[in-house]
Amino acid sequence: CLPGFSGKSCEVVIDYCSLLSVNCLHQGLCLSVIGGYNCLCAPGWIGEFCQYGGNACLIYPDSCMNGATCITSSQPTAPPQYRCICSPGYTGPHCETEINQCFSNPCLHNGTCLDSVGFYKCSCPPGFLGQKCEVDVDACTLPNTTCPRNTHCLDLPDGLKYTCRLLCPQNIQLCANGGRCVLNNASSSTCVCAPGWAGRNCRLNINDCVQHWCQNGATCVDEIDGYREMVLREC
């Protein structure tokens, strides 16, 4: 008979899996073929007897959670190992833990932090705006804000509160750059600075680049009550 056959008329296909007591490891399945055998390995296992871990991520499917990416970190001759690269907003060996984006209390002025996967959102109290409720709305700019004649509106730092102050006499004008002088009392005054200016006498130009970061190599150039991006190009 030809190799792989037996019997009086060579009609019997030899079952080498039984004849040789082949043991395919890790739930592998032995298949007899003409003249020999093959081990059909379970996903991730390789080798003649499925003895090597070729892909740990296939051996341990669904180990990385919440959309994470599984990376095999071991050699085939070593025990199968893997690591998980987590999606934004998750952490842990298997990316099983959602990161609490509100843990650091990012919302200012008593804003309420709403945690989401990979980001957060601040619900700001009346009078505040911005990603972190960092912008105090100028109550004097609202359409329903009114002050008596010969007075000037002065925004207060607590939400949408304001007060109306008498203007300084013409001979007392201490405020520069368009600022308005208002009386606190008979012996003191305060400057209400125009947008873009600060300081006791409104002589300090606010650096708007502090709160804005230009991307892709651009340079932030501060201006009065604003900024612009300057892109440097090679000659």
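Predicted model: local features only at pLDDT ≥ 70, side-chain atom pairs only at ≥ 80, totals over all residues.
# Group meeting: disulfides, a pocket and a surface patch

Ser21 is exposed, since its relative accessible area is 61% and over 50% counts as exposed. Ser21 sits in the loop between H1 and E3. Its phi is positive, about 50°, although Ser21 is not a glycine. For background, most residues other than glycine have a negative phi.

There is another residue of this kind to show. Cys133 has a positive phi of about 60°, and Cys133 is not a glycine either. Where is Cys133? Cys133 lies in the loop between strand E13, residues 128-129, and strand E14, residues 135-136. Is Cys133 buried or exposed? Cys133 counts as buried, because its relative accessibility is 0% and the limit for buried is under 20%.

Now the disulfides. As a reminder, a disulfide is a covalent bond between the sulfur atoms of two cysteines. How many disulfides are there in this model? The count comes to 15 disulfides. I will go through some of them.

Take Cys17 and Cys30. They form a disulfide with their sulfur atoms 1.9 Å apart. The torsion about the S-S bond of Cys17 and Cys30 is about -85°, so this disulfide is left-handed. The pair links distant parts of the chain, 13 residues apart: Cys17 is in helix H1, residues 16-19, and Cys30 is in strand E3. Both Cys17 and Cys30 are buried.

Next, Cys86 and Cys95. Their sulfur atoms are 2.0 Å apart, and they form a disulfide. The link of Cys86 and Cys95 is left-handed, with -90° about the S-S bond. Which of the categories does Cys86 fall into, buried, partly exposed or exposed? Cys86 counts as partly exposed because its relative accessibility is 29%. Cys95 counts as buried, at 0% relative accessibility.

Then there is the disulfide that joins Cys193 to Cys202, with an S to S distance of 2.1 Å. The torsion about the S-S bond of Cys193 and Cys202 is about -90°, so the disulfide is left-handed. Cys193 is partly exposed, with a relative accessible area of 26%. Cys202 counts as buried, because its relative accessibility is 0%.

Cys193 leads on to the pocket. The largest pocket holds about 550 Å³ of space. Which residues are closest to the centre of the largest pocket? Of the 16 residues that line the largest pocket, the closest to its centre are Asp138, Asp155, Val192, Cys193 and Ala194. So far as strands are concerned, strand E15, residues 151-155, and strand E18, residues 189-192, each supply at least two residues of the lining. E15 gives the most to the lining of the largest pocket, with four residues.

Last, the surface. Which residues make the nonpolar surface patch of about 270 Å²? The patch is made by Leu29, Leu31 and Leu40. Leu29 is partly exposed, with a relative accessible area of 48%.

Definitions and conventions. Residues numbered from 1 in each chain as written. Heavy atoms only, no water. Patch = residues over 30% accessible without salt bridge, like charges linked within 9 Å, V, L, I, M, F, W, Y side chains within 5 Å. Areas by Shrake-Rupley, 256 points an atom, 1.4 Å probe, with all protein chains shown as cover. Salt bridge = Lys/Arg side-chain N within 4 Å of Asp/Glu carboxyl O. Buried < 20%, exposed > 50% of the residue type's maximum accessible area, 1.4 Å probe, protein only. Disulfide = S-S within 2.5 Å. 1 Å grid on protein atoms, 1.4 Å probe; cavity = no way out; pocket = protein on both sides within 12 Å on 5 of 7 lines; lining within 4 Å. Points joined across faces, edges and corners; volume = space filled by probe spheres on them.
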